[in-house]
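Colleague: I am new to this structure and would like to go through a few places in it. Could we take them one at a time?

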Amino acid sequence: MTRTTARAARTVAIEEAGDDVLRLTLDAAGLSFTLDEARRIAELLGRDPTVVEAHIFNTMWSEHCSYKSSREVLKKYLPTEASNVVLGPGEDAGVVRFCEIDGTSYCIALAHESHNHPSQVVPNEGAATGIGGIVRDVYCMGADVIGVLDPLRFGDPVGRHAERTREIIHGVVEGIWQYGNALGVPNLGGDVYFDESFDDNCLVNVVAVGLVEEGDVVRSRAPAEAASVPYDLVLVGKPTDPSGFGGATFASRILDEEKAFDDKYAVQVPDPFLKRMLTVATQEVLKLLKARGVAVGYKDLGAGGIACVTSELGAAAGLGVRVDLSKVPVAVGGLLPEVIACSETQERYCLVVPRDVSAEVVRIFNEKFELPELCHGAAAVVVGEVIPEPRFILEHEGTVVCDASTEQITAGVCYERAQRRHERDVPEVGIPGDIDVADAVLRVLASPNIASREHIYRHYDSEVKGNTVVRPGEADACVVAPIPGERVGMAIAADGNPFLAALSPYEAGAAAVAEAVRNVAAVGAVPIALTDCLNFGNPEIAEVFQDFVDAVRGIGDAARGIGMKDSDEPIPVISGNVSFYNQSSAGNAVLPSPIVCAVGRVSDIAHHATLGMKSTGSSLLLVGERHGELGASAFMRTVAGGVGAGPPHVRADEERAMMAAVTDLIEAGLVRACHDISDGGMVVALAEMLLGSSPDTEIGADIGLGAVLPEGGAGVGGGVSGEGRRVAVDALAACELLFCENGGYLLEVDPADVERAIAVLAKRGAWHARIGRTTATSGLVVRADGIGDIVVSEGEMSGAWLNGATEVML
């Protein structure tokens with residue numbers, strides 16, 4: 001755009017303005033970039049930006065879109081490449097090879113996002129549109145979405161803001177089930193934590209996973225052919241309205257309770273029924289174009305709306321685009337061009353197709369699928385074209401309102417934030433010598449962060465596609481059989497303990513990887529890929545940014561250290577998201593919350609494991625040494641009254657050996673039940689296995705702490721049983737063994753298969769011990785010389801675990 005043309009459109013005066021005037025100008029225009037960023041924009045353009053350009057830069061240079069604080073850290077620490085990766089970070093979703101059947105390579109598409117701010121302000125719509133956005137990311141890769149997950153973090157439901165917190169919980173859960181169930185996509189899990197640090201900023205992370213043949217993968221960019229053959233931009237979906245205008249910048253700033261009412265207008269409005277029809281129609285279009293050998297680009301409209309999607313489609317291919325905003329269907333008249341360009345109206349896609357087929361594509365949507373009849377104002381419309389020059393040109397009613405370099409818009413800015421370590425003041429917390437360990441077990445089981453999550457996941461439809469093998473609550477991960485008629489299964493789980501980050505963000509990041517890996521391994525799946533969502537406070541605060549760097553470093557170290565089974569390659573991180581500014585205007589920031597999702601492959605769904613005990617008389621094997629590190633554990637928080645010190649360390653070599661051994665055992669059919677050890681420690685895992693057994697079968701467990709101690713006869717490679725060995729322990733030692741949250745597994749094994757199982761564990765170098773057996777008398781007995789046997793009845797465990805979280809959420 002020349003200086004002469006620029007004067008034909010409304011502009012934002014930057015070049016000649018002093019700082020005070022410029023600050024007022026930006027505030028009046030609703031622009032959130034800094035003064036330095038504003039002057040940088042004018043410098044790049046060589047003139048004052050138009051109002052439309054200013055809003056586009058405001059969106060595209062936001063933290064949410066540009067990753068301006070995080071992208072160099074992510075590049076430095078995260079492993080994103082491996083031999084099974086088809087597409088890594090940079091697309092709408094990552095794609096990894098899953099299996100090959102009859103010469104066809106099937107892939108998994110995986111995406112991970114956050115919708116934190118919207119869900120705090122408008123819980124139902126915020127959570128629903130989070131699900132809506134993440135499934136679009138996977139659909140856009142040409143994949144069929146086969147499941148979603150929802151890791152959630154809420155405030156203290158019995159704290160100072162209990163009423164508001166419970167309203168948010170109910171709204172978020174309703175939004176997720178209402179959208180997901182209506183869309184026809186199964187919910188395959190997640191996790192939930194409660195803490196007062198989330199009072200002002202709940203976290204609603206969403207994951208979507210899909211299946212696609214490798215030859216059907218669609219790129220989030222204009223095809224290379226568009227450089228020499230005319231290609232059109234086809235906008236499909238709902239008419240554009242003002243909803244979500246400024247959503248990307250809203251997600252990139254601190255929440256202000258006084259502006260909560262205004263912020264509601266930055267939240268989009270969901271329509272899952274329209275999404276279903278759009279998906280069916282788009283899949284038919286893609287199938288038709290593939291049959292004709294036509295290369296296409298496909299991307300959903302999320303943050304930044306039309307401006308973001310069209311500029312990124314062009315920039316990713318080194319090309320430009322020209323869009324006529326006057327051709328965009330709108331829900332109401334008189335919308336300003338900046339609103340049309342940047343609104344985040346839901347349920348919209350953009351296709352890049354050759355001009356000689358664009359009319360047919362439009363006809364399929366508008367006539368065959370009757371899109372305008374499904375939603376008033378909805379349509380498929382050609383709104384622009386790809387151009388060879390890498391320029392981003394927008395017109396509105398005959399006036400050029402934007403003319404800028406696509407690279408300048410999409411590359412954004414990059415900051416090297418200051419880092420400074422927290423001086424963490426962790427009060428010393430003691431454990432009484434006369435502690436009632438049985439009572440402690442019940443208190444931990446009843447705590448909201450340990451108790452059953454059935455009150456949440458029972459609202460979700462996990463079987464809507466009819467291919468779910470293992471449902472939420474039945475095991476550490478869900479399993480589906482995604483390919484009709486085939487026995488290969490996909491397992492998926494998401495994890496991240498925020499309390500670890502109170503002591504060590506590095507260990508929190510590493511532990512998120514380790515637990516996600518253990519969860520898929522515990523059903524018999526070999527991990528093949530990871531994705532992450534990194535939720536932190538204000539990155540402009542040096543201590544916060546240091547926490548972020550440490551957590552990312554922990555994720556990277558664990559992904560490399562654990563690695564893929566029988567390979568020197570890391571488990572690749574193929575997609576992810578960073579959510580900063582999870583902090584209120586009062587200065588309250590969330591606990592650093594790195595959340596990791598793992599996907600694994602089960603070679604034969606006939607050989608998978610669930611966590612419920614199956615039979616009396618079984619042998620119980622502990623895999624993974626108890627290191628007694630109680631810091632940040634549920635026991636310390638619930639019973640001792642503080643987080644303590646010394647969080648459990650992730651020992652990657654131990655995790656690697658355990659994962660390999662456990663998946664070997666399950667694949668060989670040597671495991672009746674399996675549960676990973678994490679929150680609450682070994683005793684909670686054991687209680688959950690008992691409570692997960694069939695209600696028609698009375699099963700208990702009898703274990704000895706003497707077998708758990710390293711000197712109890714167990715160890716790497718030895719396979720010597722410690723079962724029945726009586727060793728005197730005091731209350732502190734008993735608590736360290738039972739409640740420490742060092743990673744591990746509990747296995748139920750047929751006594752006839754124990755020696756074979758031990759041989760496999762020894763071969764893989766996994767620490768193991770035979771700690772006890774299942775009994776015909778319900779309840780849990782822990783033999784502990786020195787303090788007396790610890791006995792907890794099935795009724796006590798059930799009452800504590802089933803009601804603990806339900807009571808605080810009603």
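Colleague: Is P49 buried or exposed?
Modeller: P49 counts as buried, at 0% relative accessibility; buried means under 20% relative accessible area, exposed over 50%, and partly exposed in between (1.4 Å probe, protein chains only). This is a predicted model, in which local features need pLDDT of at least 70 and side-chain atom pairs count only at pLDDT 80 or more, while totals for chains, interfaces and linings use all residues. Residues are numbered from 1 along each chain as its sequence is written, and side-chain values use heavy atoms, with hydrogens and water left out.

Colleague: Where is P49, and what is it in contact with?
Modeller: P49 is in the loop between helix 3 (35-45) and helix 4 (51-60). Helices (H or I, at least four residues) and strands (E, at least two) are DSSP runs, numbered from the N terminus. Leaving aside neighbours within four places in sequence, P49 is in contact (heavy atoms within 4.5 Å) with T11, V12, I14, I41 and A54.

Colleague: What separates P49 from G765?
Modeller: Their C-alpha atoms are separated by 63 Å, and the two residues are 716 apart along the chain.

Colleague: Changing topic: which way do the residues of strand 22 point?
Modeller: A673, H675 and I677 point one way, C674 and D676 the other way, and all are buried. Because five of the five residues of strand 22 (residues 673-677) are buried, this strand is largely enclosed by the rest of the structure.

Colleague: How many bridges join strand 22 to strand 24?
Modeller: Five bridges join them, and the two strands run antiparallel; two strands pair if DSSP finds at least two bridges between them. One of the bridges has I677 with G744 of strand 24 as its partner.

Colleague: What about E748 and its nearest side chain of opposite charge?
Modeller: E748 lies in strand 24 (residues 744-749). E748 is buried but has no salt bridge, and the nearest side chain of opposite charge, R672, is 4.4 Å away. A salt bridge is a side-chain nitrogen of Lys or Arg within 4 Å of a carboxyl oxygen of Asp or Glu. Lys and Arg count as positive and Asp and Glu as negative, whereas His and the chain ends are not counted.

Colleague: Which backbone nitrogens does the side chain of E748 reach, then?
Modeller: A polar atom of the E748 side chain lies 2.8 Å from the backbone nitrogen of K614, and the side chain also reaches the backbone nitrogen of S615 at 3.0 Å. Beyond four places in sequence, the contacts of E748 include G612, M613, V671, A673 and T774.

Colleague: How many disulfides does the structure hold?
Modeller: The structure holds zero disulfides, where a disulfide is a pair of cysteine sulfur atoms within 2.5 Å.

Colleague: Last topic: what is the phi of E397 and of A632?
Modeller: E397 has a positive phi of about 50° although it is not a glycine, and A632, also not a glycine, has a positive phi of about 65°. Most residues other than glycine have a negative phi.

Colleague: Where are they, and is each buried or exposed?
Modeller: E397 lies in the loop between strand 13 (391-396) and strand 14 (399-405), and E397 is exposed at 65% relative accessible area. A632 is in the loop between strand 21 (619-623) and helix 23 (634-640), and A632 counts as buried at 0%.

Methods: A polar contact is a pair of N or O atoms within 3.5 Å; within protein, one must be able to donate a hydrogen and the other to accept it, and residues adjacent in sequence count only if both atoms are side-chain atoms.
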